[in-house]
Protein chains: 2
Amino acid sequence: MSFRFQIEARDGNARAGRFFTPHGEVETPVFMPVGTVGTVKGVPQDTLEDLGVQILLNNTYHLYLRPGVETVRSLGGVQKFMSWDRPILTDSGGFQVFSLSDLRKVTEDGVAFRSHLDGSSHFFSPESSIAAQIGLGADIIMAFDECTEHPAEYARTKDSMELTLRWAARSKQYFEAHKHEVPWLSDRNPNAAGITELSSRGALQGDEGSAFSARQSAADRQTQALFGIVQGGMFADLRRESAQRTVELDFPGYAIGGLSVGEPRPMTHEMVDTAIRFLPQDKPRYLMGVGTPEEIVHYAAQGIDMMDCVLPTRAARHGLLFTSEGRLTIKNARYATDEGPLDPACGCKVCARYSRAYLRHLYASNELLAQVLNTIHNLAYYLETMRQVRRTIIRGDLTDSVHRPATLPGAGSDTEAQRSET
Amino acid sequence: MSFRFQIEARDGNARAGRFFTPHGEVETPVFMPVGTVGTVKGVPQDTLEDLGVQILLNNTYHLYLRPGVETVRSLGGVQKFMSWDRPILTDSGGFQVFSLSDLRKVTEDGVAFRSHLDGSSHFFSPESSIAAQIGLGADIIMAFDECTEHPAEYARTKDSMELTLRWAARSKQYFEAHKHEVPWLSDRNPNAAGITELSSRGALQGDEGSAFSARQSAADRQTQALFGIVQGGMFADLRRESAQRTVELDFPGYAIGGLSVGEPRPMTHEMVDTAIRFLPQDKPRYLMGVGTPEEIVHYAAQGIDMMDCVLPTRAARHGLLFTSEGRLTIKNARYATDEGPLDPACGCKVCARYSRAYLRHLYASNELLAQVLNTIHNLAYYLETMRQVRRTIIRGDLTDSVHRPATLPGAGSDTEAQRSET
């Protein structure tokens, strides 16, 4: 199997582990920066590597519209397309259809919508979303779900959850039938590990049979991993039912979706906690679209293994910086002659080199470099926060740390999270 | 003396040399990227170092308006402000006053103008421009001149040239009286090399005299270098007279200004040639605001040692890329699935890593990273072009190369050059 998850330490509900994908392994808990259209806005890939980014998120909706799935597929998939030789995860496109596009119409079959770019008409179904995600070729892909709006009544939420379950089954069915079509298993790469190994084992049933077996074996070894998504709105019993029935469909990992959509944080925590209790211990848990630095620590303590959020990158572009001393609005005049670094406790290349005064000047002058440097720092802060959480779990100190938050970075406030960079 | 220029090789009129500034040495001929407000738009300083940028240009007009001279001075000068520990050159602000500001009024004393940012009223004289440039603390600063508009009648051009000559004398007079006020010779740095050395020589005339001598000695060793500027419009006899009379004022280097302002290129070449013949062989010659890759090779062959231009950086932000195969408009649909690098002959980190297809996608999607990566490539191309010119001069092959342009990078066309990045 190409996807494997192992837990290396536990501390309360928190886990430190790692998973293995066709493009490398990832230590968890992990924060995944958002690179919507195949780029983390303003940051070159070598800088992302230097920052220790292990896995990126790309948005299927955006790549589907531009440059198009066929273009990315013909170029070898998202990793080769963006020259990023580490794992990538794509979402299903469902969330963006709900949040960005116009005139969407949901039916049993799927969602008709108009592009936010040019108004053109499109249709996503579980099958077409998975086909797009296979064509894009990320290492981890997501079942097509309906993200229930908030607030929503119980009956509406239950109907939506049932639809998501039916779509999850269709997503999986399509994936199993087509997973060998991922671009890095294409004819252009006949020497993929699986095929080579099979040949050396001499599994021959005539030419046609051999080619078929080779493809099947390669697929077993190197395909993408399809994760299921738990929905259920803000109702604990629906979250429980959604988790249980999604697990029955048997995915290699499970996301919790439909949260951080405007509800109060205690509600989020309760829904996360409910879902987690019905998810298997031995599979990774991905909480979609969160959160502040404080929140990502909190969710890791609850037992979440993977998170993504546009907050560090989007806030950076608006001059909001996360530091060990709290949040800092760099345009503030008080920084105009401040020779100190953004964050004295931060080892990133921005804090090592530039003064607050210079960063304030760049931001006040609306300079491109402000967005570049601010983004690098905020990502460094998030990534270091998560690395520190992982080390703390391994030491067995996380539960204490979360109750004494001064010992970990992040001074959070509730901020509406979003799931793509537009 | 803090500024010294030595010629190491000649080939026809071309020279390969180096000059020495308080912040390090520079090999010539040199291309100076434009970092208008203390940043080359979108490119972090460590990337500029990796590209081999030896010296940057900052625009006095912009830094004077924002963040203000006093802010930069209090932070130690432009080098420390932008965390760039290599040489910087500032222009006088004159060109921007003429090209960017509203309601300018020129008198014998100087120029009244309104800020392009907020309409506020300001006044630049030779004295205030030099005061600003001393406060900013670049390694090379420029006399305050009037850039004659094009086209201009002979009488108008001559009057303007005479004004520039009077302003040059005033610029020098003010500079000589105040050059020790540069921020890196301030009281905050009492251990500057000159002072230390003087103390060890025991030059004592009582405390006051010693302090005064120390300051004088430090100034002799470490001050900025003030360059004069040749004007004279498109009239060869005025260019000659301007050059001769500017040289009489005795500067450590000479710029040729007022060119690339809309005139045909043969006219530019004639004016450059005329001016050069009346400039001393042993001083650097700086042609302001040029040019295309082809032109910078041509001007180096004419005997120019220093050039700056916004073309590589501005063109990059608009998707126009310079390559060994000619110019490339990256938004062109033909690149949508082109897996090759921007320029197969280029060793820059953009060409080493990314495909034209990806760069086309970034540009078409209006992504920040398009501007960042395009700028890095174009700068790499210009800098490598100039390094190649220098090597060719040292080998004695430049004159031949210029007559067989295929042997050097750059396929130029006339492009209006500008002198600041806005």
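Ala236(A), Arg239(A), Arg240(A) and Ala243(A) of helix α10(A) meet Glu270(A), Met271(A), Thr274(A) and Ala275(A) of α11(A). This is a predicted model. Chain B has a contact between α10(B) and α11(B) too, made by Ala236(B), Arg239(B), Arg240(B) and Ala243(B) on one helix and Glu270(B), Met271(B), Thr274(B) and Ala275(B) on the other. Between the chains, about 3,400 Å² is buried, and eight salt bridges cross the interface.

**Helix packing in chain A**

- Helix α10 of chain A covers residues 236-249, and helix α11 of chain A covers residues 265-277.
- Their axes lie 8 Å apart, at an angle of about 35 degrees.
- The crossing of α10(A) and α11(A) is right-handed.
- By class, this contact has four nonpolar, one polar and three charged residues.

**Helix packing in chain B**

- Helices α10 (residues 236-249) and α11 (residues 265-277) of chain B pack at about 35 degrees.
- The axes of these two chain B helices are 8 Å apart.
- α10(B) and α11(B) cross in a right-handed sense.
- Ala236(B) and Ala243(B) are among the residues that α10(B) brings to the contact, and Met271(B) is one of those from α11(B).
- The contact of α10(B) with α11(B) divides into four nonpolar, one polar and three charged residues.

**Interface of chain B and chain A: extent**

- The interface brings 42 residues of chain B into contact with 42 residues of chain A.
- Carbon and sulfur atoms give 53% of the buried area of about 3,400 Å².
- Arg353(B), His361(B) and Leu368(B) supply 20% of the area that chain B buries against chain A.

- The rule finds eight salt bridges between chain B and chain A.
- Glu49(B) forms a salt bridge with Arg353(A). The closest N and O atoms of this pair are 2.5 Å apart.
- On chain B, the elements that give two or more residues to the side touching chain A are α1 (45-51), α3 (69-74), α4 (78-81), α14 (349-353), α15 (356-364) and α16 (368-395).
- That side of chain B has 19 nonpolar, twelve polar and eleven charged residues.

**Salt bridges overall**

- Over all chains, the structure holds 58 salt bridges.
- Within chain A, Glu295(A) forms a salt bridge with Arg265(A), with the closest N and O atoms 2.7 Å apart.
- Glu295(A) lies in helix α12 (residues 293-302) of chain A and Arg265(A) in helix α11 of chain A, so the pair ties together parts 30 residues apart in sequence.

**Backbone features**

- Val290(A) and Gly291(A) are joined by a cis peptide bond, with omega of about 5 degrees.
- Gly291(A) sits in the loop between β13 (285-287) and α12 of chain A.
- In chain B, a cis peptide bond joins Arg66(B) and Pro67(B), and omega is about 10 degrees.
- Pro67(B) belongs to the loop between α2 (60-65) and α3 of chain B.
- Ser83(B) has phi near 55 degrees, a positive value in a residue other than glycine.
- Ser83(B) is placed in the loop between α4 and β6 (88-90) of chain B.

How values were computed:
Residues numbered from 1 in each chain as written. Chains lettered and ligands numbered in written order. Predicted model: local features only at pLDDT ≥ 70, side-chain atom pairs only at ≥ 80, totals over all residues. Heavy atoms only, no water. Contact = heavy atoms within 4.5 Å. Buried area = accessible area lost by both parts, 1.4 Å probe. Salt bridge = Lys/Arg side-chain N within 4 Å of Asp/Glu carboxyl O. Helix = DSSP H or I, 4+ residues; strand = E, 2+ residues; numbered from the N terminus. Nonpolar A, V, L, I, M, F, W, Y, C, P; charged D, E, K, R; others polar. Axes fitted to C-alpha atoms, helices over the stretch in contact; angles between N-to-C directions. Left-handed = near helix turned anticlockwise from the far one by under 90°.
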